[in-house]
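Let's walk through this one in questions and answers. Have a look at the model first, then we'll go through it piece by piece.

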Amino acid sequence: MNQRCNETKVMRDPIHEYIHVDYQIIWDLINAREFQRLRRIHQMGTSYQVYHTAEHSRFAHSLGVYEIIRRMVNEVKGLDAFLSEVEKIQIMCAGLLHDLGHGPFSHFFESILTPNHEQLTAMIILGDSDIHRILVKYASDLPEQIVSILNHSHPNKVMSRMISSQLDADRMDYLLRDAYFTGTSYGTFDLERILRTLRIIEDRLVIKESGVHSVEDYIMARYHMYWQVYYHPTSRSIEAILYAFFNRMRDLIVKNPRYLDDYPMFQFLKPDHEITLKEHYQLDESSCFYGFQCASDDEDKILSDLAVRILERKLFDYADFSSSDDYALMKLRLIDLGFDPIYYLYMDKAEKRPYSPYNEDTNLIYILMPDKTIRELSQVSAIVNAVVYGQAKTEMKLFYPKEVNK
Ligand code: ZN
């Protein structure tokens, strides 16, 4: 498993400058077809329709998470006492593969498809896939080890927490990368300082007190990115149309299963059907957009209208939702205009705290004080305390078409 490449391979990256690959297994996994599929999925779902340069992929983000893990295992002081070389390679593999199961338009697709992306990631790693075949070539128990790191059942908690906790390689990469590619400055924070002040105490990742300000920046980056970028109403409007399209397609299939003859890319919508790994491999944004192109000529007027709206970015309008009267009034207005509210009226609630100190032990951020005691972040930082114990921000909106799309 610790077979090294002839020489370190490097890939240019605007966030980390270079992605460094020392081990042959990492190189083989990057070249596996299921990993290459991630090039065809936008990292930020529909956000590129709002921030036009947010074209980066899950592929780039996954390499970035791997690179942060690689730096952690090589640079964090005292880590050698907790991880063997084999465990370091296992966690690098887990970081690289953590998003394999994502569907098109990233998180949005979880409203359309079960299982969720974490379950699908495990299915790919454990199932009939090139990724699985590469892993078992290096060690027969490697697929199970990686899945246990990703689903937090691995006995060494540090390994899981590096990839998924409230201060982890996944979040650190996507905040920096998404800020860079949207051209916003909200998501930036000092990754170098965080890595330099990161320590392992017992089975926790802790930050030395001298790194508190960089962690505060990271928490505020999350807060601003969620409200300014991830929950931007325009990308939620596109998601509302995507949601309506897939619902309409599903309803048409239920009425007439032959509908799928024209849409082989949407086989996964069959009723009572569990998606296969082959269908999942073929399901990406290129196949969906080809499906939207085909549907734009469909004889079903609702389906074709929704497909054209997606292709031509004819968005739904939106308004704040404050009471059920708003919903009822809008429903009547849409019926008057000839729209079926089942597809053309969508309510969406956005709610996010950038850090949650509530869930007892799990994955909180801990600070190592100068007197060697360990304290939870919100007890040390007045800024974080104000953000997490203040009123939670929630936002409810209604999405609907302004007029008939002609
Ligand atoms: Zn990720």
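Contact here means heavy atoms within 4.5 Å. Everything below comes from a predicted model, in which local features need pLDDT of at least 70, side-chain atom pairs count only at pLDDT 80 or more, and totals for chains, interfaces and linings use all residues. Residues are numbered from 1 along each chain as its sequence is written, and side-chain values use heavy atoms, with hydrogens and water left out.

Q: Which residues is R236 in contact with, leaving aside its neighbours within four places in sequence?
A: Start with where R236 sits: helix 12, residues 233-255. Helices (H or I, at least four residues) and strands (E, at least two) are DSSP runs, numbered from the N terminus. Its relative accessible area is 4%, so R236 is buried (buried is under 20% relative accessible area, exposed over 50%, partly exposed in between, with a 1.4 Å probe and protein chains only). The contacts of R236 beyond those neighbours are Y231, D348, A350, E395, K397 and F399.

Q: Which residues coordinate the zinc ion?
A: Donors are N, O and S atoms within 2.8 Å of the metal (3.2 Å for Na, K and Ca), and water is not among the atoms, so sites may look incomplete. Along the chain, the zinc donors are spaced as H-x36-H-D-x70-D. At 2.2 to 2.3 Å, the residues are H61 (NE2), H98 (NE2), D99 (OD) and D170 (OD).

Q: What is the geometry of the zinc ion's site, going by the angles among its 4 donor atoms?
A: Four donors count as tetrahedral if all angles lie between 85 and 135 degrees; four count as square planar and six as octahedral if opposite donors are over 155 degrees apart and all others between 65 and 115; anything else is irregular. Here the angles among the 4 donor atoms run from 79 to 172°, and the site is irregular.

Q: How many residues apart in sequence are the parts that H61 and D170 tie together?
A: H61 is buried because its relative accessibility is 0%, and D170 is buried too, at 18%. H61 belongs to helix 3 (residues 58-75) and D170 to helix 9 (residues 169-182), so the pair links parts of the chain whose separation in sequence is 109 residues.

Q: Which residues is G64 in contact with, leaving aside neighbours within four places in sequence?
A: G64 is found in helix 3. With a relative accessibility of 0%, G64 counts as buried. Beyond those neighbours, G64 is in contact with H16, I19, D173 and R177.

Q: How are helix 6 and helix 7 oriented to each other?
A: Helix 6 (residues 130-138) and helix 7 (residues 142-150) pack with their axes 8 Å apart, at an angle of about 110°. Axes are lines fitted to C-alpha atoms, for helices over the stretch in contact, and angles run from 0 to 180 degrees between N-to-C directions. Under 35 degrees counts as roughly parallel, over 145 as roughly antiparallel, 65 to 115 as roughly perpendicular and the rest as oblique. So helix 6 and helix 7 are roughly perpendicular.

Q: Which residues of helix 7 does helix 6 meet?
A: Helix 6 brings H132, L135, V136 and Y138 to the contact. In helix 7, the buried residues are L142, P143, I146, V147, S148 and I149, and they pack against helices including helix 1 (24-30) and helix 4 (85-97). The residues in helix 7 that helix 6 meets are L142, P143 and I146.

Q: Is H152 buried or partly exposed?
A: H152 follows helix 7 and is in the loop between helix 7 and helix 8. H152 is not a glycine, yet its phi is positive, about 65°. Since its relative accessibility is 25%, H152 counts as partly exposed.

Q: What is the relative accessibility of D272?
A: D272 lies in the loop between helix 12 and helix 13 (277-282). D272 is not a glycine, but has a positive phi of about 50°. D272 counts as exposed because its relative accessibility is 85%.

Q: What is omega near for the peptide bond from T114 to P115?
A: P115 is in the loop between helix 4 and helix 5. Most peptide bonds are trans. The bond from T114 to P115 is cis, with omega near -5°.
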